[in-house]
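Please read these points with the model open beside you. Each point takes up one part of the fold and can be checked by eye.

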Amino acid sequence: MSARSGFVELGVVTEGLRAAPIVSETYWGYVVRPPEAYLERAAVIEIVSTFAGVLMFFAAYGHWLLPGTDLSLSVIPVKLVSTLIFAAMGAALIWTGRQGMVQELHVDTKKEEIRLVQRNRHGEGRLIALFAFKEIASVVLKRSKSAFSPTRLSLRIARSGGFVDILPSDENELLPIRDRLIVDMSPRFRSDSTSRRLPKSPAAA
């Protein structure tokens with residue numbers, strides 16, 4: 001089993017994944033985003049998708065208003081079916097444009113969890129998956145068999161044994177992120193970090 005939500009398998013987008021992902025430090029951990037080139041191309045595709053969806057809606061209802069439109073009983077059922085198909089396609093395209101095509105990785109070392117957030121070009125995000133550190137069996141790199149697709153950083157879920165793809169990029173750029181994730185999720189490293197943050201008790205002072 002493999003999940004790939006949030007990524008677009010288009011050459012114009014995957015070309016931008018050869019650059020380094022963006023890592024932003026936060027008070028609770030850090031956020032990893034795809035490279036800037038990917039973000040720009042994803043925004044363009046979102047705009048095109050929304051525009052195409054609007055055109056589909058016009059097509060769905062416009063053919064009822066054309067001069068000389070045949071509204072006989074034998075033609076109306078066909079027109080109704082075509083209207084539903086075009087409307088459904090338009091809604092799907094607009095929904096895709098609004099939801100966004102960029103998947104962010106939020107590593108929360110305070111709550112000891114990983115969140116996958118899908119964000120659109122307006123900065124609006126929605127949570128699409130959440131995994132506690134203890135649910136993750138390993139962090140691996142899945143190398144693509146195609147020269148046109150990037151390597152993917154993936155989580156192997158202990159309960160199901162399936163993989164969840166969390167970040168596509170060049171393998172050399174993903175290696176330090178993978179190593180940092182392994183360290184952050186290691187119980188030994190987490191306990192050491194917690195012990196350093198704890199204040200001294202009055203008795204110890």
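1. E112 sits in the loop that links strand 4 to strand 5; helices (H or I, at least four residues) and strands (E, at least two) are DSSP runs, numbered from the N terminus. This residue has a positive phi of about 55 degrees, although E112 is not a glycine. E112 is partly exposed, with a relative accessible area of 33%; buried means under 20% relative accessible area, exposed over 50%, and partly exposed in between (1.4 Å probe, protein chains only).

2. A word on the source: this is a predicted model, in which local features need pLDDT of at least 70 and side-chain atom pairs count only at pLDDT 80 or more, while totals for chains, interfaces and linings use all residues. Residues are numbered from 1 along each chain as its sequence is written, and side-chain values use heavy atoms, with hydrogens and water left out.

3. The loop between strand 5 and strand 6 holds N120. Is N120 buried or exposed? N120 is buried, at a relative accessible area of 8%. Its side chain reaches two backbone nitrogens: that of H122 at 3.0 Å and that of E124 at 3.0 Å. Both are polar contacts (a pair of N or O atoms within 3.5 Å; within protein, one must be able to donate a hydrogen and the other to accept it, and residues adjacent in sequence count only if both atoms are side-chain atoms). Leaving aside residues up to four places away in sequence, N120 touches E46, G97, R98, Q99 and G100, where contact means heavy atoms within 4.5 Å.

4. Helix 3 covers residues 76-99, and its 24 residues should span 34 Å at 1.5 Å a residue. The expected span is 1.5 Å times one less than the number of residues. The end C-alpha atoms of helix 3 are 34 Å apart, which agrees. Just after this helix, G100 takes a positive phi of about 95 degrees.

5. Which residues of helix 3 are buried? They are K79, T83, A87, G90, G97 and Q99. An α-helix has 3.6 residues a turn, so residues three or four places apart point the same way. The buried residues of helix 3 pack against helix 2 (36-62), strand 5 (113-119) and strand 6 (125-132). K79 counts as buried at 13% relative accessibility. K79 and H63 are 16 residues apart in sequence, with their C-alpha atoms 8.2 Å apart in space.

6. Five strands make an open sheet in the order 2-3-4-5-6, with antiparallel pairing; two strands pair if DSSP finds at least two bridges between them. Strand 2 (22-25) and strand 6 stand at the edges with a single partner strand each, so one side of each has no neighbour in the sheet. From one strand to the next, the twist averages 20 degrees. Axes are lines fitted to C-alpha atoms, for helices over the stretch in contact, and angles run from 0 to 180 degrees between N-to-C directions.

7. Strand 2 and strand 3 (residues 29-33) pair in the antiparallel sense over 4 bridges. They form a hairpin with 3 residues between them. Bridge partners in this pair include V23 with V32 and E25 with Y30. Strand 3 is also joined to strand 4 by 4 bridges, running antiparallel, and G29 stands opposite D108 in strand 4. Strand 3 is mostly covered, with 4 of its 5 residues buried.

8. What is the size of the largest nonpolar core? It has 22 residues, and those with the most contacts inside it are I114, L153, I166 and L181. A nonpolar core is a set of buried Ala, Val, Leu, Ile, Met, Phe, Trp, Tyr and Cys residues joined through side-chain atoms within 4.5 Å. The largest share of this core, 4 residues, comes from helix 4. L181 touches Y30, L105, V107, I114, V139, L153 and I166, not counting residues up to four places away in sequence. A second, separate core of 5 residues includes Y38, A42, I45 and M101.
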